[in-house]
Amino acid sequence: KAINILKKYDIDTVISLNNPLEGCLTGSILKNKLKRIHFCVYDLDSFSNVLDGQFIKKKYKFKMMWRWERMVFEYADNIVIMENHKSHYDLERYDRFQRKISVSNFPMLILKEENHLLPKSNLNKPTCVYLGTLAKAYRNPKNICKIFLNIEDVSLVFYGKTDTEETFKEYHHISQGRITYGGFVKFSHGQQKLREADFLISIGNINSDMIPSKTFEYISFGKPIIHFFTYSEDPVLVYLKKYPLSLLVDLNDPMMRTVSRVKEFIFKNNGASIPSKIVKDIFYMNTPEYSVDLIERWSNSLPLEAK
C-alpha cells in the first residue's frame with residue numbers, strides 16, 4: 001500500500017522516525033524496492049544507546065538493536081541524530097555512516113502563550129510540581145522528598161506513573177500533607193497543573209545519555225526549574241545551564257547544603273518567569289522549525305551552512 005501511495009503521488013522522500021523501530025524498518029523496505037526515493041532516518045530515540053530494561057540489561061539490548069540499526073543505516077541516505085547521542089555515534093563501528101549523519105537537537109520546544117501566564121497559587125506558599133514517570137531503578141524521588149521535608153511553607157506535588165507509592169505515603173504523613181502524590185493524570189490535566197505551579201521539578205536519569213522530553217516541555221512554560229541529578233554527565237545539564245531560571249542540584253552534595261540552596265532559590269524566584277521570545281531565542285535548535293529546516297536543506301542537497 002505504501003509503495004502504491006509513493007508511486008501515485010510521485011513522492012520522492014521518505015522520513016522515518018525512531019521510535020518505534022517499525023517505521024524505520026518500513027522505510028528501509030521502501031528504499032530497497034524503490035531505489036529512486038530519498039530515505040531519511042530521524043533518530044529521535046537512539047536504536048542502540050539505551051537504558052537498562054526491567055528484564056533485559058543494557059549490553060544485551062545494545063547488541064540486539066545494533067543488528068537492526070546497521071540494516072536501517074545501510075539503506076538510509078541521511079541519518080539525523082540527536083546531539084546528546086553524538087559521542088555514541090562517534091564509535092568506530094559508525095565510521096562508514098558518518099557521511100550520512102547530520103546532528104540536530106530534540107524538536108520538543110513548542111511555545112504557547114497561555115503557558116506563560118503567572119501562576120495563581122499563593123505566593124507566600126509556593127507550589128512545586130513534578131510531572132512524569134518515576135521509578136526506583138532510574139528516577140527515584142526519595143531524596144527529593146527528604147530535601148523538601150526540610151523546607152517549610154512549600155508544597156511538593158508529584159504526578160505520573162510510579163512504582164514508589166510507599167515512599168509518597170511515608171512522606172505525605174511525615175510532612176503533614178505538604179508532600180503529595182496526585183497519581184497519573186491525562187495530558188490536558190497535567191498541562192493545567194504545570195500552568196498552576198510556581199516551580200517545576202525535574203529529576204535526571206541514573207547513568208544515561210537519554211534526555212527526557214519533559215525537559216523541553218518544562219522550558220516552554222518559562223517557569224523556574226529545579227533539576228536534581230546524580231549522574232555527572234546528565235544530558236539535561238547542558239540545556240538547563242542555558243536556562244536563566246534554573247537550579248541544578250547534585251544529590252551527591254551534603255543534604256543541608258542542598259536544602260539551603262533549594263530554599264534560597266525558591267524564595268528568591270517565586271513568581272518569576274521568562275518571556276517566550278527569550279526562551280525561543282535561547283533554544284531555537286529545539287524547535288520543530290529548526291528540524292524542518294535541516295531536513296529541507298538535506299533534501300535540496302544543500303549543506304546547512306550554505307543557506
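In strand E3, Ile79 is the bridge partner of Val41. Strands here, like helices, are DSSP runs numbered from the N terminus (strands E, at least two residues; helices H or I, at least four). This is a predicted model: local features need pLDDT of at least 70, side-chain atom pairs count only at pLDDT 80 or more, and totals for chains, interfaces and linings use all residues. Residues are numbered from 1 along each chain as its sequence is written, and side-chain values use heavy atoms, with hydrogens and water left out.

**Strand E3 and its partners**

- Strand E2 (residues 38-43) runs parallel to E3, and four bridges join them.
- Two strands count as paired if DSSP finds at least two bridges between them.
- E3 is also joined to strand E4 (residues 101-104) by four bridges, again in parallel.
- Ile79 has Ile101 as its bridge partner in E4.
- Five of the five residues of E3 (residues 78-82) are buried, so the strand is largely enclosed by the rest of the structure.
- Buried means under 20% relative accessible area, exposed over 50%, and partly exposed in between (1.4 Å probe, protein chains only).
- Asn78, Val80 and Met82 point one way from E3, while Ile79 and Ile81 point the other way; all are buried.

**The six-stranded sheet**

- Six strands form an open sheet in the order E7-E6-E5-E8-E9-E10, with parallel pairing.
- Strand E7 (179-181) and strand E10 (246-250) are the edges; each has a single partner strand, so one side of each lacks a neighbour in the sheet.
- From one strand to the next, the twist averages 20°.
- Angles run from 0 to 180 degrees between N-to-C directions; axes are lines fitted to C-alpha atoms, for helices over the stretch in contact.
- Three bridges pair strand E6 (residues 155-159) with E7 in the parallel sense.
- Phe158 stands opposite Tyr181 in E7.

**Helices on the sheet**

- Helix H6 (residues 165-174) packs on the sheet and touches E6 and E7; its direction makes about 145° with that of E7.
- Helix H10 (residues 255-269) also packs on the sheet, touching strand E5 (127-131), strand E8 (199-203), strand E9 (225-229) and E10.
- The direction of H10 makes about 170° with that of E10.
- Contact means heavy atoms within 4.5 Å.

**Cysteines**

- The structure holds zero disulfides (cysteine sulfur pairs within 2.5 Å).
- The sulfur of Cys24 is 9.3 Å from the closest cysteine sulfur, in Cys40, which is too far for a bond.
- Cys145 is in no disulfide either; the nearest cysteine sulfur, in Cys128, is 12 Å away.
- Cys24 is buried, at 0% relative accessible area.
- Cys145 is buried, with a relative accessible area of 0%.
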